[in-house]
Amino acid sequence: SNRGRDKGALVLIDPAKPEAESVVYAHPDVDVGGVSYSRLRKVLVQASFVTDKPGQHFFDKEARELDAKLRARLPGYEVILQGATDDEQRLIVATYNDRTQGSRYVYDRKTDALIKLGEITPWLPESRMAYMKPVQYKSRDGLTIHGYLTLPQGQSKNLPCVINPHGGPWARDVWGYRPEVQFLASRGYCVLQMNFRGSTGYGRAFWEASFNEWGLKMQDDITDGVQWLIKQGVADPKRVAIYGASYGGYATLAGITKTPELYAAAVDYVGVSNLLTFMNSIPPYWKPMLDQLYAMVGHPEKDKERLSATSPALNADKIKTPLFIAQGAKDPRVVKSESDQMVEALKKRGIEVQYMVKDNEGHGFSNEENRFEFYEAMEKFLAQHLKK
């Protein structure tokens with residue numbers, strides 16, 4: 001619960017007196033994200049949260065000692081218990097880090113045997129993957145923006161870079177193995193992911209700071225990250241691209257509309273281009289959330305002026321960055337007309353847009369052949385525009 005507080009905490013509630021909450025555990029910097037309980041021993045085991053990396057607070061000595069024992073046996077990896085027998089004597093143990101999706105083990109508490117079941121992706125050697133480093137910077141109005149920087153192996157300065165804002169937007173990036181990030185790093189690009197205002201897990205105030213700020217302060221947080229990366233000497237200012245999906249696709253289009261001088265290339269994957277048509281095309285199963293969305297994004301009639309000013313398709317005359325758009329024809333949330341509008345607006349100015357539409361896809365490509373085609377096309381597109 002975060003009633004009457006900024007950070008979501010684990011609380012105890014008496015159903016007869018629901019207004020009276022007693023805090024069981026709260027983290028000072030981030031929301032509590034989950035909790036585990038032993039049905040066998042009838043004890044609360046641990047609360048989980050994510051700062052720069054995943055963390056746990058243990059309530060139970062037995063669980064704390066087990067976690068420490070497994071981490072000692074599996075150094076260099078995050079360790080998660082994914083299942084147990086009814087007597088909790090045999091456990092499924094999952095490991096991962098930022099360079100591998102990891103392995104799965106069976107651990108027998110009676111014999112202390114740790115038996116490896118297998119690796120998730122043994123064909124991807126961990127030694128060839130890039131490290132994801134937690135970073136932070138200040139927004140222009142003083143907020144701390146947390147994020148992750150991945151550098152190609154053996155390189156750290158004056159690099160071609162891809163700015164990769166997450167979707168949602170009320171979600172967040174977390175530390176760990178990310179196939180897209182590793183793909184880009186393996187091609188020589190640094191990748192910056194940032195948890196701009198509105199990203200979840202950082203408390204109520206940080207989340208609410210995003211309300212009615214699509215294309216405004218939320219976009220400034222991304223721009224400030226680009227400027228920070230350039231000041232660090234990591235990014236070559238002439239070779240910065242932006243790529244994102246869903247809200248990240250909107251942020252891509254908003255970036256090349258609001259700050260076209262920043263980006264040498266842009267890839268919009270199932271992204272919103274017109275906030276008016278986006279808000280008017282809410283699917284029926286989202287209707288219960290409509291008032292909430294109006295409060296968080298804007299009302300297509302009451303806020304028409306602001307939504308028009310922050311809709312990339314309605315401000316396409318400002319775009320000069322080479323653009324590649326990918327769209328699923330059956331997308332129920334960011335409908336195909338969102339991408340069609342953007343392509344049409346640019347073509348009217350005589351600007352050619354690389355446009356990939358897949359008739360058998362929805363909100364993101366699920367079919368493997370389409371995913372291969374998309375990433376191959378993106379690789380060629382970025383190489384063409386970010387080369388020295």
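## Surroundings of D98

Leaving aside residues up to four places away in sequence, D98 touches A130, Y131, M132, W175, G176, Y177 and Q182. The model is a predicted one, and in it D98 lies in the loop between β7 and β8. With a relative accessibility of 5%, D98 counts as buried, because the cut-off for that class is under 20%.

The side chain of D98 reaches the backbone nitrogen of M132 at 2.7 Å, while the C-alpha atoms of D98 and A130, which are 32 residues apart along the chain, are separated by 7.8 Å.

## The neighbouring arginine

R99 is likewise found in the loop between β7 (90–96) and β8 (103–108), and its side chain is joined to that of D98 by a polar contact of 3.5 Å. The relative accessible area of R99 is 14%, and R99 is therefore buried under the 20% cut-off.

When residues up to four places away in sequence are not counted, R99 touches E126, M129, A130, Y131, Y177 and Q182.

## The hairpin of β8 and β9

Strand β8 runs antiparallel to strand β9 (residues 113–119), and six bridges join the two. Within this pairing, S103 has E119 in β9 as its bridge partner. The hairpin has four residues between its strands, and D112 takes a positive phi near 65° there.

## The eight-stranded sheet

Eight strands form an open sheet with mixed pairing, in the order β10-β11-β13-β12-β14-β15-β16-β17. Its edge strands, each pairing on one side only, are β10 (132–138) and β17 (354–358). From one strand to the next, the twist averages 20°.

M132, whose backbone nitrogen is reached by the side chain of D98, falls within the range of edge strand β10 (132–138).

## Helices on the sheet

Helix α10 (residues 368–386) packs on the sheet, where it touches β12 (159–163), β14 (235–245), β15, β16 and β17, and its direction makes about 165° with that of β15. Helix α9 (residues 336–347) lies across β15 (265–269), β16 (323–328) and β17, and runs at about 155° to β16.

In helix α2 (residues 179–186), the buried residues are V181, Q182, F183, L184 and A185, and they pack against β11, β12, β13 (190–195) and α10. After α2 comes G188, whose phi is positive, near 95°.

## The packing of α4 and α5

Helix α4 (residues 217–231) packs with helix α5 (residues 247–258) at an angle of about 75°, and the two axes are 10 Å apart. The pair is therefore roughly perpendicular, because that class covers angles from 65 to 115 degrees.

On the α4 side the contact involves M218, Q219, D220 and I222, which meet Y247, A251, A254, G255 and K258 in α5. Sorted by class, the contact holds five nonpolar, two polar and two charged residues.

Notes: Residues numbered from 1 in each chain as written. Predicted model: local features only at pLDDT ≥ 70, side-chain atom pairs only at ≥ 80, totals over all residues. Heavy atoms only, no water. Pairing = 2+ DSSP bridges. Axes fitted to C-alpha atoms, helices over the stretch in contact; angles between N-to-C directions. Contact = heavy atoms within 4.5 Å. Buried < 20%, exposed > 50% of the residue type's maximum accessible area, 1.4 Å probe, protein only. Polar contact = N/O pair within 3.5 Å; in protein donor to acceptor, adjacent residues only side chain to side chain. Parallel < 35°, antiparallel > 145°, perpendicular 65-115°, else oblique. Nonpolar A, V, L, I, M, F, W, Y, C, P; charged D, E, K, R; others polar.
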